[in-house]
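Notes follow as I went along.

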Amino acid sequence: MKKHNFYAGPSILNRGVIENTASAVLDFAGTGLSVLEVSHRGKEFDAVMAEAQQLFKELLDIPEGYEVLFLGGGASLQFYMIPLNLLKKKAAYINTGTWATNAIKQAGYVDKVFGTTTEVLASSEDKNFTYIPKNFTIPEDIDYFHYTSNNTIYGTEIRKDFDCKARLVCDMSSDIFSRPIDVSKYDAIYGGAQKNLAPAGVTFVVIRKDALGQVDRPLPTMLDYNTHIKKGSMFNTPPVLPIYTALQTLKWYKELGGLKVLEKRNLEKAETLYTEIDRNKLFRGTVAEEDRSIMNVCFVMKDEYKELEPEFATFAAERGMIGIKGHRSVGGFRASLYNALELEDVKALVATMQEFEKKH
C-alpha cells in the first residue's frame, strides 16, 4: 500500500532527492567514500557548498549584498542570533503562534542584557492563533520588524512581503521556496530546513551584509554572522549530509521551473483539500479562511461528530495516510502539503474523507 506522507517535519522529500542522497552515502562524487566520511574542506564537498549557495540565490532571485549561510542549531538558535546581531535599540514583532512566541522570548533576553526594547505590535493569542493580526502599524524608528510567515501548528500563513519602511526579518522555516519573495525588502530570512529543503540538521540564513556590524556589543564567535560569512559556512564542521540533500532539492526545484511553478502546485493542492473540508459534512477548518496556510492544513470534526475523530484517525491510517494527527496543543488533524508532496497524495486524502463521510 502506498504511504501518503503528511508529516509536519521532518517531512516528505522528493524521491529522486532521497535516491541521490542515498547514492552519495555509498559513494560520493566518485571518491569511493561516503559523503558522511569525507573532509568538508575537500574539493568535492567545497563544490557542493558553493553550488547549494549559488542555487539558493538563483531560485530566490537574491540581489547583490546578501549572503546565504548553512548553519546548525535550528531556527530556535536564530531566535537569539537575530536580535543579538541586529537589535541596536528597538525591534518589533507580531505574535502568530508558538514559534513567534519563542522568538519574542529570545529577543527579550537580549533586552535584559543590553537594555534594548522588543515591542509586540499585535497578537492572535486571544483566539488561540487562528487568525493573522491585521490592525497594526509597523513603526519607522525600529531596527527591524520580525514575523513568522507560516505557522505549522495552527495552520495560518502570511503570504506577502510587508510593504513598510522598516527592514524585515522573517522565520520562513515551513514555507521557504513555496512562492516568490522580494528578498530586497529583508535584512534576514532564516529557517530550519526540515520542511521544504532537507533532513533536519541544517539551518538556512539569508543575511544582508550591510545590516551587520552595527551593534557595539561584543558577539561570541559562533553567534556572529560575520564569522560564518568569512568562512563560507565552514567555520566549524557543517552538517554535510543535510547540505548535500539540500543541493539535490534545489536542483529539483530548478528542473521543475522555479518558484512560480512550485507556488502553482501548492495552491492547487491546498485548494483541493480546503474545498473538501468545506464541503464535507463531518469536517471543518480551524482558522480564518483568509489566513489559511497552503503548507499546513488544520481541520477537526464538527462538534456533533467530535467522537468520530479517533475512528477517522485509524480509518485514514489504514488507507496509507501518515502524519495527519494534529499537534498535541490543538488536537484534530493536520495535513502538511510541502513542496515534495504530490497532488495525487492530496486527492487520496480527499477520497478517504469522502469514504468516511459515506460510512457515517
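**Sheet.** Helices (H or I, at least four residues) and strands (E, at least two) are DSSP runs, numbered from the N terminus. I also noted that this is a predicted model, where local features need pLDDT of at least 70, side-chain atom pairs count only at pLDDT 80 or more, and totals for chains, interfaces and linings use all residues. Residues are numbered from 1 along each chain as its sequence is written, and side-chain values use heavy atoms, with hydrogens and water left out.

I looked at an open sheet of three strands, which run in the order β11-β12-β14 with antiparallel pairing. I then zoomed in on β12 (residues 296–301), which pairs with β14 over four bridges in the antiparallel sense. F299 has F333 in β14 as its bridge partner.

**UniProt record.** I checked the annotations next; their positions are given in the numbering used here, feature names are shortened, and annotations may be inferred rather than shown by experiment. The unreviewed UniProt entry puts "domain: Aminotransferase class V" at residues 5–349. I found the end C-alpha atoms of that span 10 Å apart, and the span is 35% helix and 18% strand.

S76 sits in helix α3.

**Pockets.** My working rule uses a 1 Å grid over the protein atoms alone: a cavity is a set of points where a 1.4 Å probe fits but cannot get out, a pocket is an open set with protein on both sides within 12 Å along at least five of seven lines, and lining residues have an atom within 4 Å of a point. Grid points are joined across faces, edges and corners, and a volume is the space filled by probe spheres set on the points.

The largest pocket holds about 430 Å³ of space. It has 23 lining residues, and G9, W99, T152, Q194 and K195 are the closest to its centre. Helix α3 (residues 74–86) gives the largest share of that lining, four residues. I sorted the lining into seven nonpolar, twelve polar and four charged residues (Ala, Val, Leu, Ile, Met, Phe, Trp, Tyr, Cys and Pro count as nonpolar, Asp, Glu, Lys and Arg as charged, and the others, Gly among them, as polar).

The second largest pocket comes to about 240 Å³. Of its 18 lining residues, I132, E157, I158, R159 and D291 are the closest to the centre. I get nine nonpolar, one polar and eight charged residues for this lining.

**Cavities.** I found two cavities of 30 Å³ or more. The largest has a volume of about 50 Å³, and its lining includes I12, K195, W252 and Y338. By class that lining has seven nonpolar, four polar and one charged residues.

**Salt bridges.** I counted 19, taking a side-chain nitrogen of Lys or Arg within 4 Å of a carboxyl oxygen of Asp or Glu. I picked out E140 with K165, whose closest N and O atoms are 3.8 Å apart. E140 is in the loop between β4 (117–123) and β5 (144–148), and K165 in the loop between β7 (156–157) and β8 (168–171), so the pair ties together parts 25 residues apart in sequence.

Is the G9 to P10 peptide bond cis or trans? I read it as cis, with omega near -5°. P10 belongs to the loop between β1 (4–5) and α1 (15–26). I also flagged D61, a residue other than glycine with a positive phi, near 55°. D61 lies in the loop between α2 (43–60) and β2 (66–71).

Terms used. Two strands pair if DSSP finds at least two bridges between them.
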